[in-house]
Amino acid sequence: MYPSSFWQSGVQLHPETALIGDAGYQGIRRHHGHPVTPHKATKKAPLTPAQRQQNRELALTRLRVEHVSRRLKIFRVLKDVYRHRRRRFS
């Protein structure tokens, strides 16, 4: 069973490490000192143009990371257990 949240997972990160997440990671600020999450708008406080630009830049960065993760998952050698002779494994 997977942990339900970041702090329950037991992952130890250096406090100065930047965590880049989407809007679902808003509560991570209580458990980690340097999260990078998008700005959220409300009815009373809409986003400023600068905040919108920061959200776009963050989304572009996250998109690149997600594409690399997708390619690694598709690459079958990394996906499965290597079952051949060790001397052929380089």
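1. The protein chain holds three helices and two strands, where helices (H or I, at least four residues) and strands (E, at least two) are DSSP runs numbered from the N terminus. Read along the sequence, these elements follow the pattern α-β-β-α-α.

2. This is a predicted model, in which local features need pLDDT of at least 70 and side-chain atom pairs count only at pLDDT 80 or more, while totals for chains, interfaces and linings use all residues. Residues are numbered from 1 along each chain as its sequence is written, and side-chain values use heavy atoms, with hydrogens and water left out.

3. Of the 90 residues of the protein chain, 9% count as buried, a term for under 20% relative accessible area, with exposed meaning over 50% and partly exposed in between (1.4 Å probe, protein chains only).

4. Asn-55 sits in helix α2, which spans residues 49–74, and is buried, with a relative accessible area of 17%. When neighbours within four places in sequence are left aside, Asn-55 is in contact (heavy atoms within 4.5 Å) with Pro-38, His-39 and Leu-47.

5. The count of salt bridges, each a side-chain nitrogen of Lys or Arg within 4 Å of a carboxyl oxygen of Asp or Glu, comes to one. Here the side chains of Arg-62 and Glu-66 meet at 3.9 Å, N to O, and both residues lie in helix α2, four residues apart, about one turn of the helix. Arg-62 is partly exposed, with a relative accessible area of 24%, and Glu-66 also counts as partly exposed, at 45% relative accessibility.
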